Protein chains: 2
Amino acid sequence: MAPESQDQDLPQVLVLGPPTVFSCLESQFPNRFHFLKPWLSKLPLPQFLTSYAQYVQALIIPGGSLALTSAILDCLPSLKLVATASAGVDHLDLPELRRRGVAVAYAGNLFSEDVADMAVGLLIDVLRKVSAGDRFMRQGLWSTKVNFPLGLKLSGKRIGIVGLGRIGCEVAKRLEGFGCRISYNSRTKKPLVPYSYYSNVHELAAECEALIICCGLTEETRHMINREVMVALGKDGVIINIGRGAIVDEKEMIRCLLQGEIWGAGLDVFENEPEIPEQLFTLDNVVLSPHVAVTTHETFLRLSKLMVDNLEAFFSNRPLVSPLWISGAAEEG
Amino acid sequence: MAPESQDQDLPQVLVLGPPTVFSCLESQFPNRFHFLKPWLSKLPLPQFLTSYAQYVQALIIPGGSLALTSAILDCLPSLKLVATASAGVDHLDLPELRRRGVAVAYAGNLFSEDVADMAVGLLIDVLRKVSAGDRFMRQGLWSTKVNFPLGLKLSGKRIGIVGLGRIGCEVAKRLEGFGCRISYNSRTKKPLVPYSYYSNVHELAAECEALIICCGLTEETRHMINREVMVALGKDGVIINIGRGAIVDEKEMIRCLLQGEIWGAGLDVFENEPEIPEQLFTLDNVVLSPHVAVTTHETFLRLSKLMVDNLEAFFSNRPLVSPLWISGAAEEG
């Protein structure tokens with residue numbers, strides 16, 4: 001869509017995706033920027049960019065699915081800022097962006113509490129069969145005297161946290177209130193936390209009854225939760241993934257779920273979002289969530305403001321409010 | 001079913017219901033008692049009791065739906081012990097049992113942790129739309145780009161606990177880990193808790209964003225959560241009921257849910273279990289659970305043992321392990 005005349009003088013911001021938060025951002029902060037919206041144009045993206053985005057200095061982008069490739073960057077010779085609406089940055093080619101002198105603003109820890117809340121919600125749901133119970137009720141099965149199967153107890157359980165960044169710590173804090181015993185795996189032992197450290201995720205799984213995946217996706221963490229880890233977790237074991245889908249070997253997980261080699265899984269993320277293996281739909285021991293762990297009304301309002309603050313800082317030559325801090329971001333997922 | 005010859009010498013225990021835990025109890029503790037099972041007989045219950053239970057001194061019964069009426073008690077002239085597999089005792093006519101000199105054993109605090117875990121699970125589910133998200137996924141809507149609606153944030157919310165007995169305290173402890181601000185309503189202010197006290201549930205609702213019903217059902221608490229309370233809670237307000245269905249005016253709650261006067265409800269209990277109003281099935285802002293907040297594998301094993309311990313104490317003239325302690329029980333729900 002070509003620039004509209006009335007906001008020609010506003011700073012131009014290219015919107016890729018768009019991020020889910022964009023409509024909230026646009027309505028909350030009108031008349032601050034001139035947004036270029038390729039999805040409203042009939043042109044293929046490269047032609048749109050070549051035609052309208054030659055002078056664009058800033059873009060906003062969602063996390064996760066949409067990769068900011070070199071081919072896209074080649075169409076944006078003036079680009080100086082990528083503001084991603086995510087805490088994870090695996091969709092960004094950071095070395096390439098650095099090479100091109102493009103700064104990155106991200107969501108930082110904004111989502112940590114929401115993600116941790118969701119992780120605990122998914123854990124209770126899988127153990128106590130909350131969604132399965134709701135399905136049972138809506139199918140009208142209660143009054144037929146069909147027995148609803150028993151769940152497993154959360155209180156006191158041994159929980160393993162994979163990736164003890166900000167989100168992992170928030171999950172641990174919550175689960176302490178349930179009397180759970182917390183252990184964790186991360187690249188390095190954290191000096192100031194009271195939880196048991198395992199340098200090896202397989203050993204962590206063997207000691208725990210649930211694993212909560214809170215790490216980011218890197219070459220080291222891809223398919224880190226493999227068949228061996230799941231078997232070590234055991235038949236009463238639960239996997240909660242609020243990190244990135246590809247950290248878990250999804251095919252093997254489905255096999256373990258089908259064969260009862262683990263108790264269940266609560267999944268907010270998947271290997272090929274938004275496509276997910278149809279076998280998952282047939283399983284009563286999984287809870288499926290459309291990558292919304294980060295997403296609440298309250299946080300959307302805060303994220304809109306944060307993105308606007310970053311854009312305004314950029315256009316005023318002030319320091320970014322939440323510049324990417326790579327080590328933290330990679331750990332947050 | 002008539003007594004079987006091989007266990008004629010074992011103490012007779014009448015089983016009413018039966019409680020869901022009964023099959024677990026029977027398989028875990030074989031050859032301890034001779035169980036009378038009216039549901040296996042073609043006789044109507046009164047005739048069964050008159051024919052086979054004249055000398056029965058002890059019975060076990062589930063909580064909730066099955067009321068132990070005077071008509072039943074009249075058929076059991078030798079009865080000396082009722083062991084209920086529940087923490088709530090509203091199905092028992094306590095004055096009448098006392099008048100007849102019948103002792104009552106109950107489940108005490110055995111369920112508190114499980115119920116509290118479930119209360120938090122339902123709260124997260126309603127706020128964050130976990131079950132609705134799972135339904136959305138299983139309907140294959142994610143890949144169609146239909147937007148899944150935003151949920152509300154739990155962390156930091158103002159939560160009102162209605163009935164701060166053992167379960168209410170366990171719920172509060174868990175929600176502190178989420179940074180929630182806890183207030184409560186109960187018959188009397190508790191001297192040792194750090195939470196704000198409201199003597200009036202309407203005022204509590206006006207100050208809070210969610211109410212968690214943890215009290216028992218009494219004449220005072222019946223329909224205590226009425227339309228006025230729900231309106232005071234407001235359109236972002238959530239009701240979680242893990243107490244008893246009739247504490248909430250169910251018809252008014254459904255009206256408030258339909259009209260968006262409250263955000264949602266998580267319900268493990270209902271006014272006329274297992275029948276529930278079909279309108280609830282059409283609502284995406286409720287989570288329905290088949291009265292399983294108390295029910296996990298681990299707790300069933302412990303409950304089986306507790307009931308057997310009470311029965312053995314009774315038949316050995318030892319004090320009951322978990323005699324009913326009326327004020328505590330009424331508060332626990």
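**Sheet, domains and dimer**

Modeller: Let's begin in chain A, where three bridges join strand 1 (residues 12-15) to strand 3 (residues 58-61), and the two run parallel. Strands here are DSSP E runs of at least two residues, helices are H or I runs of at least four, and both are numbered from the N terminus; two strands pair if DSSP finds at least two bridges between them. This is a predicted model, in which local features need pLDDT of at least 70, side-chain atom pairs count only at pLDDT 80 or more, and totals for chains, interfaces and linings use all residues. Residues are numbered from 1 along each chain as its sequence is written, chains are lettered from A and ligands numbered from 1 in the order in which they are written, and side-chain values use heavy atoms, with hydrogens and water left out.

Colleague: Which residue does A:Val13 stand opposite in strand 3 of chain A?

Modeller: Strand 3 of chain A covers residues 58-61 and is joined to strand 1. The residue opposite A:Val13 is A:Ala58.

Colleague: What is the strand order of the open sheet in chain A?

Modeller: The sheet has five strands with parallel pairing. Its edges, each pairing on one side only, are strand 2 (34-36) and strand 5 (103-105) of chain A. The order is 2-1-3-4-5.

Colleague: How many Å separate the centres of domain 1 and domain 2 of chain A?

Modeller: The bounds come from an automatic or database domain assignment, which gives domain 1 as 12-106 + 297-316 and domain 2 as 112-288. Taken over C-alpha atoms, the separation of the two centres is 32 Å.

Colleague: Which three residues of chain B supply 16% of the area that chain B buries against chain A?

Modeller: The contact (heavy atoms within 4.5 Å) takes 58 residues from each of chain B and chain A. Together the chains bury about 5,100 Å², 61% of it on carbon and sulfur atoms; buried area is the accessible area (1.4 Å probe) that two parts lose on being put together, summed over both. Supplying more than any other three residues are B:Arg128, B:Arg138 and B:Trp142.
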